[in-house]
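User: I would like to learn how to read a few features of a structure, starting with what surrounds a ligand. Please give the general idea each time, then the case at hand.

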Amino acid sequence: MILAENVAKEFTLHNQGGTVLRVMQGASLAVAPGECVALTGASGAGKSTLMRMIWGNYRTDAGVIRVGGLTVSHAEPRQIIAMRRAGLGYVSQFLRVLPRVPTLRVVAEPLLALGVPQPEAETRAAHLLSRLRIAERLWSLSPTTFSGGEQQRVNIARGFIHPYPALLLDEPTASLDAQNRETVMQLIEEAKARGTAILGIFHDEGARDRLCDRVVDVTGFRPEVQA
Ligand SMILES: Nc1ncnc2c1ncn2[C@@H]1O[C@H](COP(=O)(O)OP(=O)(O)OP(=O)(O)O)[C@@H](O)[C@H]1O
């Protein structure tokens, strides 16, 4: 469901004399439906870079990335947009929203984009916000002024509102209290049980051990390690 085969990546620093940084080579992994795989490796090893290539934000210089039926590494922008709507969810560490959009709407948005009627989309958004303990008095406000942990939970609600067949998670339990961390772990377990293929970065070792079936260390994909 999420597949990388022999992926390579380099960055050209145009504003620093055109220096070329080779950061990844021969990166291969596969995440099956219902499986959760953790990306590990020291800071700077390339975890986010690989996630961004799968999400379609960074170009893949060599190799192939597939998500569901789409070859992301060679896809057109409109195909990437369609994949993000229905096929691949992404819970990033930080919430990015338009100003002045109420929280309930922010969370319902992925369903509205898929054509789910507004009352149903908002009912499902309300259910998830309640589960994640976002006080109801906050639902009509923009989340831009919320606390770090509240913003993260709004982000998680938005990432889990549609049953995406594949999901990228970037430290989903960071900055959460014990109760909310437990709720998020349950959401991830429910997604696995319905067959979602999950690839994530988990610095929270307890969460990683409980949720992940396998670990892929991206250090092995560093060009200098292979040389
Ligand atoms: N847009 C970019 N331009 C230039 N270099 C980049 C870019 N993005 C990442 N890199 C480089 O690629 C390497 C891998 O970075 P990446 O952010 O993927 O590491 P990471 O494993 O996610 O680290 P962390 O755990 O600290 O988030 C680093 O050396 C980084 O400097």
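User: How many nonpolar, polar and charged residues does the shell around the ligand have?

Analyst: Ala, Val, Leu, Ile, Met, Phe, Trp, Tyr, Cys and Pro count as nonpolar, Asp, Glu, Lys and Arg as charged, and the others, Gly among them, as polar. A residue is near a molecule if its C-beta atom, placed from the backbone, lies within 6 Å of it. Here the shell has four nonpolar, six polar and one charged residues. Among them are Phe 11, Leu 21, Val 23, Lys 47 and Thr 49. This is a predicted model: local features need pLDDT of at least 70, side-chain atom pairs count only at pLDDT 80 or more, and totals for chains, interfaces and linings use all residues. Numbering starts from 1 along each chain as its sequence is written.

User: Which element gives the largest share of the shell around the ligand?

Analyst: Helices (H or I, at least four residues) and strands (E, at least two) are DSSP runs, numbered from the N terminus. Helix 1 gives the largest share, three residues. Strand 2 (19–31) and helix 1 (47–55) each supply at least two.

User: What is the order of the strands in the open sheet?

Analyst: Two strands pair if DSSP finds at least two bridges between them. The five strands are ordered 6-7-8-3-9, with parallel pairing. Strand 6 (88–91) and strand 9 (214–217) are the edges; each has a single partner strand, so one side of each lacks a neighbour in the sheet. From one strand to the next, the twist averages 20 degrees; axes are lines fitted to C-alpha atoms, for helices over the stretch in contact, and angles run from 0 to 180 degrees between N-to-C directions.

User: Which helix packs on the sheet?

Analyst: Contact means that the C-beta atoms of two residues, placed from the backbone, lie within 7 Å. Helix 6 (residues 178–193) touches strand 3 (36–40), strand 7 and strand 8, and its direction makes about 145 degrees with that of strand 8.
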